[in-house]
Amino acid sequence: MTAEVNAGLATLSDQLTLATVLLYVFAMIGYALDLGFGRSKARAGAQARRALVTAGAGTAAAPPAPAEGGPSAAEKVPPAWTRWAGPVAVGLTWIGWAAHLSAILTRGLAVGRWPWGNMYEFVVAMCFAAVSAFLFMTVRYGTRFLGAFVTVAAALGLGFAVRYLHVQAGPVVPALNSYWVAIHVTAAIIASGLFIMAGVSGILYLVRKDTAVRLPSRADLERVAHRAIVIGFPIWTFAVIAGALWADKAWGRYWGWDPKEIWAFITWIAYAAYLHARATAGFKGRAAMIVQLIAFGCLMFNLVGVNIFLGGLHSYAEVP
C-alpha cells in the first residue's frame, strides 16, 4: 500500500534544509573570524605578554621592539568585537543543528517512514551526523577550532544534495520498508559523521604549516581524529554486521559480493588497519593521518560513489 505524502511537510522540510545551509555558512564565517582575529591572536598576545614578564624578571624592562614590518605585542591583542565571534558561531551552529533536525523529521513525517531511503536523504542525514559529532566533541573535548571546517563541509554537502541529489518525497522500494533501516542505516550514519570529523582533522593536519598560527596544532588535530575514529569504528562494525543480518532477511544470504558490501568491508579493514598500527607500533603523525585519509576515501566512495557509479542490489538510492 502506497503511503500518502504530506506535500506541506515535504515543502517545509526542503525550506528548512535551505535555511540550515545559510545558518552553517554564517556560522562558518564566525568561526573563521574567531580563528583569524580572536582565539589565535589572543593566544599570540598572551604569549607575547608572558615573554615580556619573563624577560623583565619583575623589573620595568621596556618591551622589545617588533621586527621590521611585524606586529607588536599590543597589535596582536584582538579587537573586543572578535571575542564574540566564536560564541556566536557556536550558537548559530546549534540553531542550524535544530533546523537540520527539523528538516529530517518533517521529511520523515511527510512520507511516514524513516527519512533515509534515498541518496538525498542519506547525505542530509550524514551531514547532520557530522555536525552532531562536532558539537558533541566541542562540548566534551573543546574542539571549537574545527568549527569553520566542519560547517563549511556540512554546507557544501547539503548544497550538493539539494542541487544534484534531491528527489521528491515519496515511498521507497519494499526492501527498505523494514525496521532494519532504523538499525543498520542509523548506525552507518552516526559512524560516518564521526569519520567525517576525523577526515577533516586529517586534511588540516597534512596542509598545516608549522608557522600557521590560525590553525590548531598538529597534536590537537591528531588527537581529535583518533578520538573520533575510536568512537566511530565500533559503530561502523555494528553497521556492517547489521547489514549482513538485513541482507539475510531480505535476500536470503549474509554476503553476496555486492559492491556496497565489498566497499563497506574495505572501509572497515582500512580503519581497523589505522587503529591496529597506531595501537601496536606507535604509528603516529603524518603516516597515521595518511592511512586514516585512505580509509576516509574508501568511506566516501562507499557512501556516494558506489550508488552513483557501480549500482548493484543497493542501486535503489534514487540518484536523479
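These are my notebook entries on a predicted model.

**Entry 1: overall fold**

I began with the secondary structure. I found eight helices and zero strands. Reading along the sequence, I wrote the pattern down as α-α-α-α-α-α-α-α. I then looked up burial. The chain has 320 residues, and 46% of them count as buried.

**Entry 2: salt bridges**

Next I looked for charged pairs. Side chains of opposite charge can pair when their charged atoms come close. The structure holds seven salt bridges. I looked up three of them.

I took Arg107 and Glu121 to start. Their closest N and O atoms are 2.8 Å apart. Arg107 sits in helix 2 (residues 85–111) and Glu121 in helix 3 (residues 119–141), so this pair ties together parts 14 residues apart in sequence. I noted both Arg107 and Glu121 as buried.

Then I checked Arg278 and Glu222. In this salt bridge the closest N and O atoms are 3.6 Å apart. Arg278 belongs to helix 7 and Glu222 to helix 6, so the pair links parts 56 residues apart in sequence. Arg278 and Glu222 are both buried.

Glu261 and Arg253 also form a salt bridge, at 2.9 Å from N to O. I marked Glu261 as buried, and Arg253 too.

Which residues do salt bridges with shared partners join into one network? I listed Asp14, Arg107, Arg113 and Glu121.

**Entry 3: His166**

I turned to a loop residue. His166 lies in the loop between helix 4 (147–165) and helix 5 (180–207). Its relative accessible area is 23%, so I put His166 down as partly exposed. I also checked His166 against Glu121. They are 45 residues apart along the chain, and their C-alpha atoms are separated by 8.1 Å.

**Entry 4: helix 7 against helix 8**

How do these two helices run? Helix 7 packs with helix 8 (residues 286–310) at an angle of about 170°. Their axes are 8 Å apart. An angle over 145 degrees counts as roughly antiparallel, so helix 7 is roughly antiparallel to helix 8. I sorted the contact by class: 17 nonpolar, four polar and one charged residues.

**Entry 5: a nonpolar patch**

Last, I looked at the surface. Ile241, Leu245, Tyr254, Trp255, Trp257, Phe265 and Ile269 form a nonpolar patch there. Together they have about 750 Å² of accessible area. Helix 6 (218–251) and helix 7 (259–280) are the elements that give two or more residues to the patch.

I found it in the loop between helix 6 and helix 7. Is Trp257 buried or exposed? Its relative accessibility is 64%, so Trp257 counts as exposed.

Note on methods. Residues are numbered from 1 along each chain as its sequence is written. This is a predicted model: local features need pLDDT of at least 70, side-chain atom pairs count only at pLDDT 80 or more; totals for chains, interfaces and linings use all residues. Side-chain values use heavy atoms; hydrogens and water are left out. Patches are made of residues with over 30% relative accessible area and no salt bridge: like charges are joined within 9 Å, nonpolar side chains (Val, Leu, Ile, Met, Phe, Trp, Tyr) within 5 Å. Accessible areas come from the Shrake-Rupley method with a 1.4 Å probe; for residues, only the protein chains shown count as cover. A salt bridge is a side-chain nitrogen of Lys or Arg within 4 Å of a carboxyl oxygen of Asp or Glu. Helices (H or I, at least four residues) and strands (E, at least two) are DSSP runs, numbered from the N terminus. Buried means under 20% relative accessible area, exposed over 50%, partly exposed in between (1.4 Å probe, protein chains only). Axes are lines fitted to C-alpha atoms, for helices over the stretch in contact, and angles run from 0 to 180 degrees between N-to-C directions. Angles under 35 degrees count as roughly parallel, over 145 as roughly antiparallel, 65 to 115 as roughly perpendicular and the rest as oblique. Ala, Val, Leu, Ile, Met, Phe, Trp, Tyr, Cys and Pro count as nonpolar, Asp, Glu, Lys and Arg as charged, and the others, Gly among them, as polar.
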